[in-house]
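Here is a short note for someone opening this structure for the first time. Please read the points with the model in view.

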Amino acid sequence: MANPNRLTAQQCVDLLKEETGDEIKPVTFHSYVNRGHAPKPVEKIGNTPLWKRSEIVEWARNRPGRGARTDLRKPRRRTTSTESH
C-alpha cells in the first residue's frame, strides 16, 4: 500500500493548488526543486521521486509569490542612535 504522506510531483502540484490556488505544471515544480526553491524528494520508488506531504504544505504556504526576486538580499535596517541626542 502506498504511503499517503509521500507525494509524486503531480500530487505536489495538486496540493499546491489546493493550499494556495496557484497552478503550476509538474515540469515547473521539478525546475523549482532543481534550483533549490522547493523541497528535495525524500525517497524514490523506481524512477519516481516522492516528497513528504508536510514539507510540501509548509513550502506552499510560505513560498514567495509570482515574480518575487529571490536572488536579492534583504536590505539591512539602519539603527539610529538615540543616545547622542
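1. Start with the rings. Phe 29, Tyr 32, Trp 51 and Trp 59 are linked into a cluster by ring pairs. The model is a predicted one. Searching the whole structure turns up three aromatic pairs.

2. Take one of these pairs, Phe 29 with Trp 51. How are the two rings set against each other? Their centres are 4.9 Å apart and their planes stand at 70 degrees, so the pair is edge-to-face. The cut-off for that label is over 60 degrees. Phe 29 sits in helix 2, while Trp 51 belongs to strand 3 (residues 48-52).

3. Trp 51 comes to 1%.

4. Now the core. Which residues of the largest nonpolar core touch the most other members? They are Cys 12, Ile 24, Phe 29, Ala 38, Trp 51, Ile 56 and Trp 59, out of 16 residues in that core. Helix 1 (9-20), helix 2 (26-34) and helix 3 (53-62) are the elements that give two or more residues to it. Helix 1 provides the largest share, five residues.

5. Step back to the whole chain. Its secondary structure comes to three helices and three strands. In sequence order the pattern reads β-α-α-β-β-α. The chain has 85 residues, and 24% of them are buried.

6. What share of the contacts spans at least 24 residues? Counting contacts between residues at least 6 apart in sequence, the share is 48%. As for the surface, the chain has an accessible area of about 7,200 Å². Carbon and sulfur atoms account for 46% of that surface.

7. Next, the charged pairs. How many salt bridges does the structure hold? There are four. One of them joins the side chains of Arg 6 and Glu 43, at 2.9 Å from N to O. Arg 6 is in strand 1 (residues 6-7) and Glu 43 is in strand 2 (residues 43-45), so the bridge ties together parts 37 residues apart in sequence. Arg 6 is partly exposed at 23% relative accessibility. Glu 43, at 33%, is partly exposed too.

8. Another salt bridge is made by Asp 22 and Arg 63, with the closest N and O atoms 3.3 Å apart. Where do the two partners lie? Asp 22 is in the loop between helix 1 and helix 2, and Arg 63 is in the segment after helix 3. This pair also links distant parts of the chain, 41 residues apart. Asp 22 counts as partly exposed, at 34% relative accessibility.

9. Glu 23 and Lys 17 form a further salt bridge through their side chains, at 3.1 Å from N to O. Is Glu 23 buried or exposed? Its relative accessibility is 62%, and the cut-off for exposed is over 50%, so Glu 23 counts as exposed. Lys 17 has a relative accessible area of 41%, which makes Lys 17 partly exposed.

Conventions. Residues numbered from 1 in each chain as written. Predicted model: local features only at pLDDT ≥ 70, side-chain atom pairs only at ≥ 80, totals over all residues. Heavy atoms only, no water. Core = buried A, V, L, I, M, F, W, Y, C linked by side-chain atoms within 4.5 Å. Buried < 20%, exposed > 50% of the residue type's maximum accessible area, 1.4 Å probe, protein only. Helix = DSSP H or I, 4+ residues; strand = E, 2+ residues; numbered from the N terminus. Contact = heavy atoms within 4.5 Å. Areas by Shrake-Rupley, 256 points an atom, 1.4 Å probe, with all protein chains shown as cover. Phe/Tyr/Trp six-rings, centres within 6.5 Å; stacked < 30°, edge-to-face > 60°.
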